[in-house]
Amino acid sequence: MSADYADIIVDISHEKLDRPFQYRIPDRLKDRIDVGCCVVVPFGGANRRLKGYVVALSDKCNFDEDKIKDIEDIAAKAVDIEDRMIALAAFIKKNYGGTMIQALKTVLPAKKSVKRLESRYVKLIIGREEAISLLGECERKHRTAQARLLREIIDREELPYEQAVGRLGVSASAIKSLENSGVIKTVSDFSYRKPVKAPQGSSENVEGDKARGAVFGVSEIKLSAGQQYIIDEFVKELDAGTRTNYLIHGITGSGKTEVYIRLIEEVVKRGEQAIVLIPEIALTRQTVQRFCKSFGDRVSIMNSMLSAGEKYDQCERAKNGGIDVIIGPRSALFTPFRRLGLIIIDEEHENSYKSESTPRYHAREVALEAARLNNASVVMGSATPSVESYYRAQKGSFRLFKLNERLTGGELPKVYTVDMREELRSGNRSVFSAKLQELMADRLSKGQQSMLFLNRRGYAGFISCRSCGEVIKCPHCDVSLSEHRGGRLKCHYCGYETVKPLLCPKCGSKYIFGLRAGTQQIEDKLKGLFPGVRTLRMDGDTTRTRDSYERILSAFSEGEADVLIGTQMIVKGHDFPNVTLVGVLAADLSLGGGDYRCGERTFELLTQAVGRAGRGKLPGEAVIQTYQPEHYAVVHAARQDYEGFYEEELLYRELSGYPPAAHMLAVQIYGKNEDNAKQLANRLAYVVKCDKKYIGDCEGVAAVIGPAPASIEKVNDVYRFVFYIKNARYDLLVSAKDRLESELKAVNPAEVVQFDFDPMNIL
Ligand code: ADP
Ligand code: ZN
Ligand code: ZN
């Protein structure tokens, strides 16, 4: 890249980001300047020099060619936290598209003129004897307000300012006059907002240098052999200075969280800090309290529920060495620690680690880069690792650890897979199979609890046969077709369309339609079947408010209901020792989501759902109801066999050229005018198709799929088109994105174009 001009920001506070200054790139620096570079530039009058960051390059001068200044030099090697944050932003811009400004806004803490929390004190600065005689004088002269203040302060030496004016009713002018005569002093003390209240028993208020590296109340639990092995290996590599990334594949309850805490303790002992990423909804009070037990006041949280002031203060505390550990979703990754040593990614398979707004970065990938920049390690953990991560562990780029033992006691539940086609044949049209009815009746009679899980994830109106289980699929993409109005079936990847068949193409049955059911209907039917049953329901409708989620879970935990009915929300979170039965209704729904991740999602959900039964002393059972009992995701979930699932899933991905076997870039075009948006989509797709570089090594897999209208073609009168580019090499997709970005610069269309690398959801 050898552009002539560079846009540079010299002040990276949030408000100033949108106003970069343009500089000329002198010839001697041309090959070395790129977006994200740290440079030295003349700024303002005299010989003032400032450090700045390049946010964009261009060939055009936007100012007076005579007045524009030259970049002076490239700044010395990046050492500040700020430099590392900029480097991370540059990585995001390069790999996910969007502008450098958008990337910087993602990475830098919001700084909306936040006021520091201030507390003022009134302090006695004369000796006690002197103060007592002054008090006598005030009393004699009837300066009652001053006397009140003196009386109080003589014993306590200092008093919050608010108490002086509030409770004691001393006027500001009376305080001022005492201050002027050198009796007292008002002092200000700034403090940070602390969103986490340390639980009792842990040390409080230990911020500052003294406390750095301190670890509290080291956990008493004796580690299992598997846990201890991970810690030992980690410490060995840590002390050898080897930087490794790890994947812990451990079933729920195998003690992963305990391992995270111990690993962080090791890192903190060495004067380094840690970031703990958790999925969006999983931040429970319980998790935070567990970390507080070990790290006291030196752990904090970061999430979207915090006020701007709280967020800002957590970043300041991190920068100043006031905390060692931060816990939060995606955005916690950008906490500016000075010596970051470890990033934990819990439940690393979760979709919420992928940002759904530009820049659409994946927190796992950005964490790996952040760790590289900081010479830190990443530890990922999951009971059902993402196929991508497991693939990399198999290839040796992550070190794999396994934890196969449940430390909470309790066996894995016995699982029955019920073929709903058989139920239909034997005349049972209920949503509950005979087996599930029998086991529920049994639990109700014993006073044990059950959970009914309605799998609605990825539900996109797909069509299947009730007699043979056949799902109608796209002949080109091997994903299920979705039903649209007028009885048409469409593919969300390539736009293939066909009419809905009247009879099943495989067995000729006329029972062929989409599956539809809601938690409300399930609840009604359950009450019809078991009059008097006490139920709780958890879905999008019942969890509108922030607390309702926790409230429903704790009500169930307290035994206020016999059955908890819910969507995927119920498969995470609390342990319910009294739950001995889990019923999975419509296990198939997530198999028909119309994208290549359906199998993986289904396996995850079923594994998690089944794993909820039998967490306590009582043994558990689970019933999986499905129309596709032979589907590998169902079969392996019923056996709780991750490896078996992984092998079949990888085979499918390899055959069809989906990640991780290849990479995919979704190019999304949004516009008010349908024809124009469609034309732009065609033009952009054509640009890619014409370039041999992008479609060279795809080995029989269509390199460009589409364009096609998005699955929801129009939202708020904005038309949406999408096409996909597949390639085994991620860097070629990045270069395709760059090529399209420069095409867009030339065309300057009214439409908005967004890029989504290895998309998690179809548009
Ligand atoms: P995971 O994160 O894998 O689900 P946790 O770390 O939450 O597992 O552990 C599950 C439960 O087992 C917790 O209540 C935890 O206190 C307990 N636990 C963890 N490690 C041990 C151990 N070595 N011995 C006994 N109990 C343990
Ligand atoms: Zn059929
Ligand atoms: Zn298709």
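**Figure 1. Surroundings of Val196 in the predicted model.** Leaving aside neighbours within four places in sequence, Val196 is in contact (heavy atoms within 4.5 Å) with Val288, Cys292, Val299, Ser300 and Ile301. This is a predicted model, in which local features need pLDDT of at least 70 and side-chain atom pairs count only at pLDDT 80 or more, whereas totals for chains, interfaces and linings use all residues. Residues are numbered from 1 along each chain as its sequence is written, chains are lettered from A and ligands numbered from 1 in the order in which they are written, and side-chain values use heavy atoms, with hydrogens and water left out. Val196 is found in the loop between strand E8 (184-191) and helix H7 (225-240); helices (H or I, at least four residues) and strands (E, at least two) are DSSP runs numbered from the N terminus. With a relative accessibility of 9%, Val196 counts as buried, a term that means under 20% relative accessible area, while exposed means over 50% and partly exposed lies in between (1.4 Å probe, protein chains only). The C-alpha atoms of Val196 and Ser300 are 5.8 Å apart in space, although the two residues are 104 apart in sequence.

**Figure 2. The stacked rings of Phe603 and Phe645.** Rings of Phe, Tyr and Trp (its six-membered ring) pair if their centres lie within 6.5 Å; planes under 30 degrees apart count as stacked, over 60 as edge-to-face and the rest as tilted. By this rule the count comes to 16 aromatic pairs. In one of them, the centres of Phe603 and Phe645 are 4.3 Å apart, with 5° between the planes. Phe603 belongs to helix H17 (residues 598-610) and Phe645 to helix H19 (residues 642-656), so that the pair links distant parts of the chain, 42 residues apart. Phe603 is buried at 2% relative accessibility, and Phe645 is buried with a relative accessible area of 1%. Phe645 also pairs with Tyr632: the ring centres are 5.9 Å apart and the planes lie at 25°, so this pair too is stacked. Because Tyr632 lies in helix H18 (residues 632-639) and Phe645 in helix H19, the pair ties together parts 13 residues apart in sequence. Ring pairs link Tyr390, Phe603, Tyr632, Tyr642, Phe645 and Tyr646 into a cluster.

**Figure 3. Helix H18 and the residue that follows.** H18 is mostly covered, with 6 of its 8 residues buried. The buried residues are Tyr632, Ala633, Val634, His636, Ala637 and Ala638. Their cover includes strand E16 (414-419), H17, strand E26 (621-626) and H19. Just after H18, Gln640 takes a positive phi of about 55°. Gln640 lies in the loop between H18 and H19 and counts as partly exposed at 24% relative accessibility.

**Figure 4. Glu600 in helix H17.** Glu600 is buried, with a relative accessible area of 5%. Not counting residues up to four places away in sequence, Glu600 touches Pro385, Ser386, Val387, Glu388, Phe645, Glu649 and Arg653. Phe645 in this list is the residue that stacks with Phe603.

**Figure 5. Charged groups over tyrosine rings.** A charge sits over a ring if NZ of Lys or CZ of Arg is within 6 Å of the ring centre and within 35 degrees of the ring normal. Arg120 lies over the face of Tyr161, at 4.1 Å from the ring centre. The charged end of Lys726 sits over the ring of Tyr658, 4.1 Å from its centre.

Figure 6. The peptide bond from Pro659 to Pro660 is cis, with omega near 5°, and Pro660 lies in the loop between H19 and strand E27 (663-671). A cis peptide bond also joins Gly706 to Pro707, with omega near 10°; Pro707 lies in strand E28 (residues 704-715). Glu347, which is not a glycine, has a positive phi of about 50°. Glu347 is found in the loop between strand E13 (340-346) and helix H11 (363-374) and is partly exposed, with a relative accessible area of 24%.

**Figure 7. Nonpolar cores.** A nonpolar core is a set of buried Ala, Val, Leu, Ile, Met, Phe, Trp, Tyr and Cys residues joined through side-chain atoms within 4.5 Å. In the largest core, of 127 residues, Ile343, Tyr493, Ile669 and Phe723 touch the most other members. Helix H1 (residues 81-96) gives the most to this core, with 8 residues. Another core, of 32 residues, lies apart from it and has among its members Tyr246, Ile248, Phe295 and Ile344.
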